[in-house]
Amino acid sequence: MIEIKNLSKSYLGKRALENVDLRLPRGEIVGLFGENGAGKTTLMKCILGLLPFDGEILLDGSPVSRRNIASLSFATSEHSFFPNLTPLAHKEFCKEHFPKFSEKRFKGLMDFFELPLKKPLRSFSTGQKNQFEVIMALCQGADYILMDEPFAGNDLFNREDFYKVLLGILEPNETVLLSTHLIEEVSGFIGRAVLIRKGKIIGDVSMMDLEESGRDLVGYIKETYHYRADRVSRALNELTDTEE
Amino acid sequence: MKHKIERYAPPGINIHLEIRYYFTGLLCAFLYSMLFLIRYSNSLSKLYGWVGNKRVILPDAVMDDFYLILDSCLLGFVIIAVAVLFLIVYHYMYHYQGSKSIYLMKRLPNSRELHFRCITLPLTGAVISMLLAVILLFAYYGIYIACTPKECLTPGQWQKLWSVLL
């Protein structure tokens, strides 16, 4: 389980995360939603130890360190692979460093997405780069897979394929924390939704509870965010209002 | 894979090109250092004069000091040593180019891997360059002492060199 206790993070005096408390048990697929700048990426980077922070983050009861860091993997739209390497060379590098690296999963996913093995990653399209980024995160042998906007730039068919494959290959003890703006698309795929706004967790709900209450995820997010449905029409009225 | 030079460099970097530039630099520094031999032979020939057909040492002829002849002949090696140290910065910055591979490097269970790959080769290059400079310094000093007529040498050449260097 990932336990986040009283996590705060500031950038040059500006609060990016404020007293965040969150628990991510094994085997859950959790969607992390929030507007741009809400703190989603910062939260993930704090979990991964890429940023210093105040508070405590425990990974299966221990602070995140080099001893247990291999239990975490990360797929980001910024991409964390080496663009000059081929997928094969990248696999070799990761195999060398991550003892649980799954060669079988790597081969299966590379075949599924029909990605070339011997072309440098820099020559891949954005969609292919995203696919490879996610493949590497899934093959590392991590128990907790953090994904930050992994599908930015992929077409709809590609994304749908990915959700299906992901659901099919995940082991029961693998946890996914997925940050995305594609709320409707992932609503059938996640088991829990966490909402973050201005660095604070403002909502945390299981999809089962939502279903039972007869609400959908988009509705829940709009409600929690106090979304004003009339803001578009009001803005348009103001903009198109002719002066007399 | 284990013994390849790539193992000591950031993954995917064109290390062979860096090495080619490095050795070209070393060659240039070596050729420039050979200026010492030309300057030395000029100073040496000034010690001699001709009496008829016989080449003799001029009375009261004194050889130029070693450090004056050496001058900046070994500077090329120092410049290369400093330049390759800047490669360390480039190697770290490489992890931000085209992607954020720094995230992967920082997540590796081996915390030294990133630094090992960024520092090892430039540091080795700098050490080799400085070592060559020292070897050539001794070699040129040896030539200076061995080939200069004893009566033309002034004492304390080594001390003079260090007092100038330090």
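1. Helix α1 of chain B, spanning residues 15-33 of this predicted model, has 19 residues and reaches 27 Å from its first C-alpha to its last, which is close to the 27 Å expected at 1.5 Å a residue. The buried residues of α1(B) are B:Ile15, B:Glu18, B:Tyr22, B:Leu26, B:Ala29 and B:Ser33. Seen down the axis of α1(B), these buried residues fall within an arc of 75°, so they line one face of the helix.

2. On the face of α1(B) turned away from its buried side, the exposed residues are B:Arg20, B:Tyr21, B:Leu27 and B:Leu31.

3. A nonpolar patch on the surface is formed by B:Tyr32, B:Leu35, B:Ile38, B:Leu75, B:Val78, B:Ile79, B:Val82, B:Phe86, B:Val89, B:Met93, B:Tyr96 and B:Met130, which together have about 1100 Å² of accessible area. The elements giving two or more residues to this patch are α2 and α4 of chain B, and α4(B) gives the most, with seven residues.

4. Among the patch residues is B:Ile79, which is found in helix α4 of chain B. With a relative accessible area of 51%, B:Ile79 is exposed, because the cut-off for that class is over 50%.

5. B:His95 lies in the loop between α4 and α5 (101-107) of chain B, and at 0% relative accessibility B:His95 counts as buried. When its neighbours within four places in sequence are left aside, B:His95 is in contact with A:Phe82 of chain A, and, within chain B, with B:Pro10, B:Pro11, B:Lys100, B:Ser101, B:Ile102, B:Met105, B:Leu114 and B:Cys118.

6. In chain A, A:Thr41 lies in helix α1 (residues 40-47). How is A:Thr41 classed by its relative accessible area, as buried, partly exposed or exposed? At 29%, A:Thr41 is partly exposed, since that class lies between under 20% for buried and over 50% for exposed. A:Thr41 and A:Met147 are 106 residues apart in sequence, while their C-alpha atoms are 9.3 Å apart in space.

Definitions and conventions
Residues numbered from 1 in each chain as written. Chains lettered and ligands numbered in written order. Predicted model: local features only at pLDDT ≥ 70, side-chain atom pairs only at ≥ 80, totals over all residues. Heavy atoms only, no water. Helix = DSSP H or I, 4+ residues; strand = E, 2+ residues; numbered from the N terminus. Expected span 1.5 Å × (residues − 1). Buried < 20%, exposed > 50% of the residue type's maximum accessible area, 1.4 Å probe, protein only. Arc of directions from axis to C-beta. Patch = residues over 30% accessible without salt bridge, like charges linked within 9 Å, V, L, I, M, F, W, Y side chains within 5 Å. Areas by Shrake-Rupley, 256 points an atom, 1.4 Å probe, with all protein chains shown as cover. Salt bridge = Lys/Arg side-chain N within 4 Å of Asp/Glu carboxyl O. Contact = heavy atoms within 4.5 Å.
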